[in-house]
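This report covers one protein model. The sequence and the structure come first, and the text follows.

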Amino acid sequence: MNKSETIASLATALSAAQGEMENASKNSLNPHFRSKYADLAEVINTVRPVLSKHGLSVMQFPSYSDGIVHVETVIAHTSGEWMSEKCSAPAQKQDPQGVGSAISYLRRYSLAAVCNLAQEDDDANAASKAPKQAAKPMPAPATAQKPAPAPPVKNVQASLATLDDLASYYKEDSEEYILYDINEKIRKAKPGAERIDQLTDLTEAQAQWLIKAIEAQIQKEAV
């Protein structure tokens, strides 16, 4: 951590501010994981008025290099005292969407940490989840209309972009229904497959297969 020569006034003000803060409410439905979480705007709305009241401000500076996204968070006091720290994470996709998602995540995570706020962190749960064991795919059953091949399982976790595409097909459906439908599709194609308890359990191959299976079902129903 970097800081000014003294932080006595800042520490006093921050202690008072934290005493007035409440945890950010879970106001958003994450399209990747279909669960409630406190988004960046909610965290900012929770902490900014209280920080300002006590003469505190927060600045966040993103940067990117070699596939890694960095966000430096600085908390400053009207006395001129300050503290800063940098948080980093790899971008899951090396494009503007992937980098932007990582920046938003790091800003939310860092700001909540600085202000000592608790929040349900689906992204961190996903990042820390161990990959599933590989399994051989079952051959697709022979029918009049060729269905999508059985979902292969690889030790590569599904990307945020792929999960977003998959979730978009379910629109306003509940999390329980989405998981039920996904498990039914996988079970029919591969009996005995391990149950999916949340979208982040899916591998990239499984998620891509599910998208193709849903698209094939939509085309069939449109005929």
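Where is the place of Asn116? Asn116 lies in the loop between helix H3 (96-114) and H4; helices (H or I, at least four residues) and strands (E, at least two) are DSSP runs, numbered from the N terminus. Residues are numbered from 1 along each chain as its sequence is written. The model is predicted: local features need pLDDT of at least 70, side-chain atom pairs count only at pLDDT 80 or more, and totals for chains, interfaces and linings use all residues, while side-chain values use heavy atoms, leaving out hydrogens and water.

Asp66 sits in the loop between strand E4 (56-65) and E5. The table gives phi, positive here in residues other than glycine, and relative accessible area (buried under 20%, exposed over 50%, partly exposed in between; 1.4 Å probe, protein chains only).

| Residue | Phi | Relative accessible area |
|---|---|---|
| Asp66 | near 55° | 79%, exposed |
| Asn116 | near 60° | 59%, exposed |

Mean pLDDT (the predictor's confidence in each residue, from 0 to 100) is 77 for the protein, and 75% of its residues reach 70 or more. Confidence is highest in strand E5 (residues 68-77), at a mean of 95, and lowest in helix H4 (residues 122-128), at 43. Residues 121-132 have pLDDT below 50, and beyond near neighbours in sequence this stretch has 25 contacts in the model, a contact being heavy atoms within 4.5 Å.

The buried residues of H6 include Ile178, Leu179, Asp181 and Lys185. Among the elements covering the buried residues of H6 are helix H5 (160-168) and helix H7 (204-222).
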